[in-house]
Amino acid sequence: MTACAQAVNAADSGLPNGPASQQSGQPTSSPAGLLVLRLPGRVSEEQMAALVAGVSPVAAALNLEPLILDGGADAHIQSDNSALLEALSLQTAALSAQTEAIHRMAASTEALILAMAEADGDDGMPPLGHTMDSPAG
């Protein structure tokens, strides 16, 4: 068994969220994720045990499962992002609909302004309204 596997097994048996607590009947919650400690080189079994002892309480406090990798190993979690992509798609569609509505309102406002400008110029009368210096009418 490698040092990495020993760390994972030791962490599983010693954490409140690990399998040992599930067998004892204590209430448990599933970990929210992993606390990954990546070491560039190999470590001895004693060093690994010390790392596990130091990292496990921190991981438990954060509701994370510890994973200690030595020898330059790396870990990745690839999850199914379809729910996130669907939510983003719905938000994008809603934003697109709002943008289209804004464009329609802008076009309507522009048409109204142009129509009012034409109407003001057609009857030969000065535009309605007044300036600061002259009264209306």
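This is a predicted model: local features need pLDDT of at least 70, side-chain atom pairs count only at pLDDT 80 or more; totals for chains, interfaces and linings use all residues.
Local features need pLDDT of at least 70 and side-chain atom pairs count only at pLDDT 80 or more, while totals for chains, interfaces and linings use all residues. Residues are numbered from 1 along each chain as its sequence is written, and side-chain values use heavy atoms, with hydrogens and water left out.

The chain contains 4 helices and 2 strands, where helices (H or I, at least four residues) and strands (E, at least two) are DSSP runs numbered from the N terminus. Along the sequence these elements follow the pattern α-α-β-α-β-α. Of the 137 residues in the chain, 15% are buried. Buried means under 20% relative accessible area, exposed means over 50%, and partly exposed lies in between (1.4 Å probe, protein chains only).

Strand S1 (residues 33-38) and strand S2 run parallel and are joined by 6 bridges; two strands pair if DSSP finds at least two bridges between them. One of the residues in these bridges is glycine 33, whose partner in S2 is leucine 64. Strand S2 (residues 64-69) is mostly covered, with 6 of its 6 residues buried. Leu64, Pro66 and Ile68 lie on one side of S2, and Glu65, Leu67 and Leu69 on the other. Glutamate 65, in strand S2, has a relative accessible area of 12% and is therefore buried. Between glutamate 65 and glycine 33, the C-alpha to C-alpha distance is 6.2 Å, although the two are 32 residues apart in sequence.

The largest nonpolar core has 5 residues: Leu39, Met48, Val52, Val55 and Ile68. Such a core is a set of buried Ala, Val, Leu, Ile, Met, Phe, Trp, Tyr and Cys residues joined through side-chain atoms within 4.5 Å. Helix H3 (residues 45-61) gives the most to this core, contributing 3 residues. In soluble globular proteins, nonpolar side chains tend to be buried together. Helix H3 also holds serine 56, which is buried at a relative accessible area of 12%. A polar atom of the serine 56 side chain lies 2.7 Å from the backbone oxygen of valine 52.

Leucine 88 belongs to helix H4 (residues 82-122) and is partly exposed, with a relative accessible area of 41%.

Notes:
A polar contact is a pair of N or O atoms within 3.5 Å; within protein, one must be able to donate a hydrogen and the other to accept it, and residues adjacent in sequence count only if both atoms are side-chain atoms.
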